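Dear colleague,

I am passing on the structure we discussed, and the notes on what was found in it follow below. Please read them alongside the coordinates.

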Amino acid sequence: MNRDASKGFWRQGEPFVWATGTALSITLIIMAILLVVVMVNGLGVFWPKSVAEATFNDGAVALGEFQKDSKNNETGEEEFQFKTANRDLDPQMQDFHWYYRKNLKGEFRYPTDVIVMERMENGNFIGYIKEIKAVNVESIKGETDASRLRDAIAKTHARYESEVGTILDKTSGLADDLQNIRYAILKVKYDSEQIQLGKRSGVQAELDRLGAEMKKLVAEEERIKETSDELVKEQELYESALRKNSVIMADSAGRTKEIPLVDIVRIYQPNNMGYPAKVWHYISKVFELLTADPRESNTEGGLFPAIFGTIMLIFLMAFTSFPLGVMAGIYLREYAKDGVMVRLVRIAVNNLAGIPSIVYGIFGLGFFVYQVGGTLDSWIYPERVAAGVSTFGTGGIIWASMTLGLLTVPVVIVSVEEALGAIPMGVREGSLALGATKFQTLVRVLLPMASPGIMTGFILAMARAAGEVAPLMITGVVKLAPTLPIDWKFPFGFDRKFMHLGFHIYDIGFQSPNVEAAKPMVYITTLLLLLIVLAMTSVAIVLRNKMRKRYQIRSI
Amino acid sequence: MAIDLKKSVSNKKTIRIAKLWDALAKYIITFGGIAVIVSVVLILLLIVSVTLPLFESSTATPVEATKLADSVVKARPMGIGVSMSADGNFVTSYVLTADGEISVINMRDLRVIGESKVKCPGSHEDARILHATPYGQDQFSLLWDNGAASMIEVKLADKYDSAGNRYIAHDVYTRAGIEKVTGGSPVKSIIRKSEEGTVTCAVLLHNNKIFIKRIVREEDLLGDIIEKEVSFLLEKDIPGQVTSITMDEQGSFLFAGTDNGAIVRWAFEDDQESAPDAEVTTAFIDKRRITSLVMIFGDVSLAVGDEKGEVSTWLRVRSGDSGARKLRKIHSLKSHPDPVVDLIPSRRNKLLISLDRGGSAYIDYMTSERHLITVTNDRPLAMVSFSPRGNAMLGLDEKNNLIAWKLHMEHPEVSWKTLFAPVHYEGYDEPDYVWQTTGGEDFEAKFSLTPLLFGTFKGTLYAMLFSVPLALFGAVYTSQFTSYEFRRVIKPAVEIMAAVPSVVIGFLVALWLAPIMERWIITFFSALITIPGIFIIFMLCWQRLRHANWAKRIERGYEFMALVPVVLIGVFVAYEVTPLLENMLFDGNFKQWLFDGKSSCWLTNWWSGGMRYDQRNSIIISFGLGFAVIPIIFSIAEDSLTNVPQALNAASLALGASRWQTVWRVVLPSAIPGIFAAIMIGFGRAIGETMIVLMATGNTPIIDLSPFNGMRTLSANIAVEIPEAPVGGTLYRTLFLCAVLLFVLTFFLNTLAEVVRENLRKKYGRF
């Protein structure tokens, strides 16, 4: 009996069923690994790590955040990695160091007075406070050195904000003015050239007027330049005074480094922090991530410009993708009669979905940027074209978003079609029987009913757009954009280059000079992007499934 | 009454407006549908239109042709030159005559706008020029009738005067000169001045000897410049009458062609005191007369014109085992009907003008072997010259008519052959497929798409090896064997997997997986054996266990959960045996073994080595790309399997078939077209995926199937190169060609898949 049964097990092909099951398990395992790796590496980045002190047999001391144990590739000996930071004190400018386990004397120690200092430049500093030289701020309070330092930093930053910050605001305003005046000068120059060449009718009076205007503009330019030079001088004065406020730090080997307080972003004592303090630190870091600008060639600081660029990009994309997708979807489901045309459109939709994104990118470059943008430039800003300055004729957020719009059209089409298809025929027939026209049926009955499905399409399209990078790389994304792609004046900043979360990952993970130091930032960016995309997709899927259920019940 | 009437009027109006809207909407919405087709066509048309100029034929348009006045050509013309402004509006030429006069002529009105006199070295005012050899667009090596030789440079430059009017300035510089050629009566001279200032003068003499004089400039230890003069005669080992000579720009070697088809080469060292040894090559076995020799721009290739009208270029390549370099014919350009009399190379790229005795000039591009333009004239041309910008050509016929042509040659370096066939490039020992786009000024750009196509298919192939089995079996399992509840979870999960941005996958496989894989590559390979092994052991156990009640529940669609530990155990076993295997089979270092093939184990010592292990390799790609296409293949295959009518399934089971037999014999065959479509679409997606390959391969364009190194795909190539490609340049257009290839490939795959699915839908729509 038993033997027969086991024979049947093989004869019936049960193991094959199990083999197909293995394929599914492997797929699920890989997926889980991906999510876990991103989560573990991403979520842990901001948690303050304890700083360990390792003493070696030869008397040397290393201070750093313990990273991992490993085996040396060549010698096969046990070793461990520290993030020692203090890049500027290291002869090789390294943040990370490997040490042999066998050289270690005793256990790691965790001294409580160790300070981790985040700086504007050169990464973190790990060490001890030796002396605080705060000459330019009122009395600093605090019981311990660390709290006194924290107070001094806060006061220095406040002074910096009130003194230099206002100047910086003014100078950036002046820079805008200067740019505008330069464009105005170009325009006047171009106008008078056109008249001189006889390409535009104009009399001497006109030329004289332009000449006078030119003089005025040039004077204005001079004036702005002077003002801004003065401001820069003033700023330098303030800064050099503030830079006298500094702290002398010592590392584990006793080497000292004087660090101006204005260069310090924040300090913390990881070995002296309780659980709530660590949570607070974590929250403040997340807040910084979401709102601050990046520092140190994007490997530290925040992601605000990239997040803003991504959102702006998706927002602009919607203007191309949604109307076109909805129209095409409605056409396929409600208007087209089965035939060659529908077949062709369907093939086109499928192809549109299958064209590699890089091909969209190159199309965007050739068509949107150079043809459409170039033409716009020559209409709106002929004077800038003559001077070799491109406004629309170079990569910008508007072209990137239109490229992405085209790329996401099929996603919208498929969802719209599905949403309309799920509505029972009876609903349409009822509406038409009551005398409504087809369009009225569509607008008043079908679209409201299909709206969750259409919404699904929109969200999926946005998720797809958030994750695409390749087409952006050739249509206007940059590693560091000086200004956000938005403005109150024409062209509203749409011509500007922008930053993007996905490109940020590529850039800091692969183009940055110090990949090891950049890794935490890449993981955190990856986590953020993944969360955004997966959240959008999940919402879309839930919406769609709900809608499907709704009509399944109704159609009964 | 009146109210009713009003109402009906307003009703009519409402209806009319509604109908109008209806009609309008119909058009707008139809437009939306058609816009989709239009965009696909537009995308294709646009990218194709950008690539078209690559294959445009070149043209030469005569712009000006006039007879030179006798006052201009008082003596025999010895050399000509031309310059055309970038906009093509101003053409200026100059004529050098035997009396040393240079007349600069505005070609528009033939007005002489400047004159200069070239001085003979040693201040012989009445010396006349015997022979002038042009070099490039503006240099002439002159031989004077009093035995002196000199080298001059003529520069034409666009300038603006204070009133903003454009004029052409010309300058004539004598760069080098020697006062007396000794050893015989001279026929022809070539003088070159190197960057360091070393002057090399080679003069062909009537007695078939070549007089060499070198003035070497050197810096001594104290930093003073010392000049050293050496002169000697080249006379030994010349197999026939020398007909032409040529030298490189630095004056470091000399080629001579003879009347019996031999080419002789001499190389000069800086401290050369006496005649160096000659390297003789019998170039043509039929002993034809070599009529013209010239170095192609870059001084690597030698162009040879002969009496049969053939034009060929030669390279010194390493041949055989000896490693000695020998001159070998590489490119054959278009043959003339008449003997070649002169060759004029461009000084910007590998263009070459050849002039035959019949007076027609051919313009050819060496690397692509493209014949670009045939220039003929009513009267035979005696002399031709290129403009420095390469946009114009000037010819002088026997009757002193000066003719200028505007040249339109946009992308001469590209042909179908250079794009897809192996080409023998300079510096290579054999023809090869190479993609290399950046280099020095005299660099030969190499635009072979073959390695990119190869890389694309290689990456896709490895990705499919990984993803197709996983996705298809997973789809079979999900659609046929799992429970309904579970299927409702797994489908959205796979959709979410599809939404993972490729940049995230690329980053993870490149920066997280690649180092791990490098360390644990043996584990990976052993897992390929241990997972199936553990699976079989598990199956053997399971046939005993399955009768338990708890086990029966698992067999109702939860097998995959029991299998997760099985897979993990398989990986763990592989991990445990790794050090053992690596020590036993590869002497403890797999990468070393891969590279040199040294092993003490008989199982692995057959390998001869020579393979490098790159961290970012095809295995990494197969994981990354595979992960990206699994959800695509999975969902389409799952759909088509689920759509197989339940009736078929039920009938098979009712007839007594087991669940696997039903799937294998009934469901799968019915769904085959859908599965095919799934694979096609997955294939198309893998072909075009950019970020993953960009990040997870080294992006080196090599042709090598090895799984341990990377590749460069068409898509990654576009992403890598387009930022550096000047708009409208050859690279820019070639990258658009890459995009066209990608478009066509994916269009083909997607259309095929769509047609198959359409038919499938129709087939099962009946049930």
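**Notes on chains A and B**

Apart from neighbours within four places in sequence, B:Ser354 is in contact with B:Gly305, B:Val311, B:His336, B:Val340, B:Leu343, B:Ala361, B:Tyr362 and B:Asp364, where contact requires that the C-beta atoms, placed from the backbone, lie within 7 Å. This is a predicted model, in which local features need pLDDT of at least 70 and side-chain atom pairs count only at pLDDT 80 or more, while totals for chains, interfaces and linings use all residues. Residues are numbered from 1 along each chain as its sequence is written, and chains are lettered from A and ligands numbered from 1 in the order in which they are written.

B:Ser354 belongs to strand S23 (residues 351-356) of chain B, strands being DSSP runs of E of at least two residues and helices runs of H or I of at least four, numbered from the N terminus. With 27 other C-beta atoms within 10 Å, B:Ser354 is buried (20 or more count as buried, 12 or fewer as exposed, and those in between as partly exposed, with C-beta atoms placed from the backbone).

As for chain A, 38% of its 556 residues count as buried, and its C-alpha atoms fill a box of roughly 115 × 90 × 45 Å along the principal axes.

Between the chains, 78 residues of chain A are in contact with 81 residues of chain B. Helix H2 (residues 14-43) of chain A gives the largest share of the side of chain A that touches chain B, namely 19 residues.

Best regards

Technical notes. Two residues are in contact if their C-beta atoms, placed from the backbone, lie within 7 Å.
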